[in-house]
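The exercises below concern one protein model and are followed by worked solutions. Please study the sequence and the structure before reading on.

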Amino acid sequence: MFQKILVANRGEIAVRVIRTCREMGIRTVAVYSQADRLALHVRMADEAYEIGPPPARESYLVQEKIIEAAKRSGAEAIHPGYGFLSENAAFADQISTAGLIFIGPSGEAMRRMGDKTAARQLMQSAGVPTVPGSKDAIHDPNEALAIAEYVGFPVLIKASAGGGGKGMRLVHRAEDLPALFNTAASEARSAFGDGRVYIEKYVENPRHLEFQIIADQHGNVVHLGERECSIQRRHQKVIEESPSTLLDEKMRRQMGEAAVEAARRCGYSNAGTIEFIVDRHRNFYFLEMNTRLQVEHPVTEMVTGLDLVRLQLEVAAGGKLPFKQEQIERRGHALECRVYAEDPENNFLPSIGKLKYLQRPGGNGVREDSGVGEGDTISIYYDPMIAKLITWGASRDEAIRRMRRALHEYEIVGVRTTIPFCLWVLNHAKFCAGEFDTHFVQNEFRGVQPAATNGQFDLAAAALAAVLHQQHRTPAPADSLPKNQHPAVSAWKSRGWKQTR
Ligand code: MV4
């Protein structure tokens with residue numbers, strides 16, 4: 001196993017990775033932008049290296065700086081987290097060239113899945129169902145028209161280099177196709193540097209399910225069940241859960257086997273996710289593969305009892321998966337809510353600012369993964385997620401009740417949050433009945449009650465607590481700290497909180 005790894009990310013996912021490393025006795029190296037000098041992930045790591053100005057393209061996205069920090073620190077491997085460089089095949093290759101290990105799939109496997117038409121063909125050859133559509137990228141509007149007429153309108157135009165819904169165009173009528181084809185292609189060119197697009201028949205009101213897989217470098221692949229991700233707003237997931245209310249054991253086995261076959265066909269190792277859409281007749285279709293650890297991975301961890309980061313580290317170090325498919329047990333039900341610093345009363349406008357007061361939920365069956373603490377600032381530079389709140393219950397109903405309870409425990413002063421929006425979903429009869437699809441939010445959401453009617457007293461109490469809290473805080477004088485140390489770590493040590501391994 002590795003002795004030291006570098007975490008090429010920030011926020012909650014960097015913290016998440018560091019936690020498992022500490023449990024495993026692996027030392028950690030953080031990298032940070034100038035905006036993250038005092039960030040939680042920096043304070044939790046054993047060492048930290050500054051890699052540039054606040055904008056990600058000048059820091060967290062600069063491959064050379066990260067590899068340089070890894071070499072200087074003596075780290076043997078790099079964990080990319082999600083976002084940033086996590087699905088960048090050139091980065092994975094560069095890391096190998098530098099004699100280090102990328103904790104993820106090979107650059108080659110990433111490329112196979114990153115090209116969406118190539119991925120479709122690969123899946124078709126593996127017998128995994130794909131949505132009817134074009135075999136390859138389409139080069140002119142006439143070709144597009146012929147295929148659209150063959151599969152039938154409506155159709156979706158998608159970017160070959162895209163993913164996650166970026167640059168998609170829905171086309172209802174033949175006469176709209178040429179113009180939309182051209183805008184989709186030019187948008188793809190500017191967004192991905194690759195103007196190739198392809199066509200799929202549009203599946204109306206689908207559910208979005210994804211299967212977690214984990215593969216070692218010895219040909220062993222298992223799936224860890226599904227996550228239901230249909231509750232989303234503008235391609236941003238809001239609530240994820242496992243198991244899905246849609247699946248019976250037979251369909252779960254079929255989809256799981258398809259997911260495992262997909263991973264095998266691209267020579268995959270490490271953790272990955274196969275995305276499917278399911279139509280109203282319960283037909284499922286491969287959409288794309290996410291070649292990274294995903295935001296919502298804790299949902300799978302809660303029902304399987306596994307640590308996905310630990311498994312990632314073990315297989316990246318060359319170890320064999322410690323179980324076979326039949327040994328995977330799933331127990332109970334898990335939900336995840338994403339708590340963002342966005343204002344649901346104001347069209348989800350990012351609500352940047354300082355977390356003046358933060359009281360977190362806890363108790364039975366509650367897990368909170370967060371990369372920020374009280375006093376930290378949610379800035380314009382990065383994703384405004386404050387925390388992921390995950391609950392487990394023996395039944396779906398228990399997990400939902402626990403999630404409502406835990407969301408009510410939050411006291412956040414300083415920024416607006418999506419907590420009222422999450423509660424709106426959790427109190428919706430259709431959500432509770434498991435009757436929803438990917439259009440649920442779009443079809444049902446008409447705004448949340450203003451905060452004044454559902455928590456004026458709580459907020460006033462929290463604001464008061466914040467003031468009281470400020471009064472008894474006594475930071476160490478800056479000149480009393482040891483030299484040549486990270487200021488956050490110094491402050492930490494000077495207060496006698498150094499954790500021993
Ligand atoms: C689709 C689709 C319907 N038909 N493809 C959106 C994200 C990207 N991964 C693919 N997406 C979709 N592809 C066909 N042929 C509907 C969506 C879609 C969607 C998928 C998953 C989760 C939420 C979604 C919201 C709108 C559209």
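**Exercise 1: Strand pairing**

In this predicted model, Ile5 stands opposite Ala77 in β4.

Task: Determine how many bridges join strand β1 to strand β4, and in which direction the two strands run.

Solution. Step 1: β1 comprises residues 4-7, and β4 comprises residues 77-79. Step 2: three bridges join β1 to β4, and the two strands run parallel. Step 3: both strands belong to an open sheet of five strands with parallel pairing, in the order β3-β2-β1-β4-β5.

**Exercise 2: Sheet edges**

Task: Explain why one side of β3 and one side of β5 are left without a neighbour in the sheet.

Solution. Step 1: the strand order is β3-β2-β1-β4-β5. Step 2: β3 (47-50) and β5 (101-102) stand at the edges, and each has a single partner strand, so one side of each lacks a neighbour in the sheet.

**Exercise 3: The ligand shell**

Solution. Step 1: the ligand is surrounded by 18 residues, and the closest are Lys158, Glu200, Lys201, Val203 and Glu288. Step 2: the shell consists of seven nonpolar, six polar and five charged residues. Step 3: at least two residues of the shell come from each of β6 (155-159), β8 (197-201), β12 (270-278) and β13 (284-290). Step 5: the ligand taken alone exposes 520 Å², of which the protein buries 93%.

Conventions. Residues numbered from 1 in each chain as written. Predicted model: local features only at pLDDT ≥ 70, side-chain atom pairs only at ≥ 80, totals over all residues. Heavy atoms only, no water. Pairing = 2+ DSSP bridges. Helix = DSSP H or I, 4+ residues; strand = E, 2+ residues; numbered from the N terminus. Near = heavy atom within 4 Å. Areas by Shrake-Rupley, 256 points an atom, 1.4 Å probe, with all protein chains shown as cover. Nonpolar A, V, L, I, M, F, W, Y, C, P; charged D, E, K, R; others polar.
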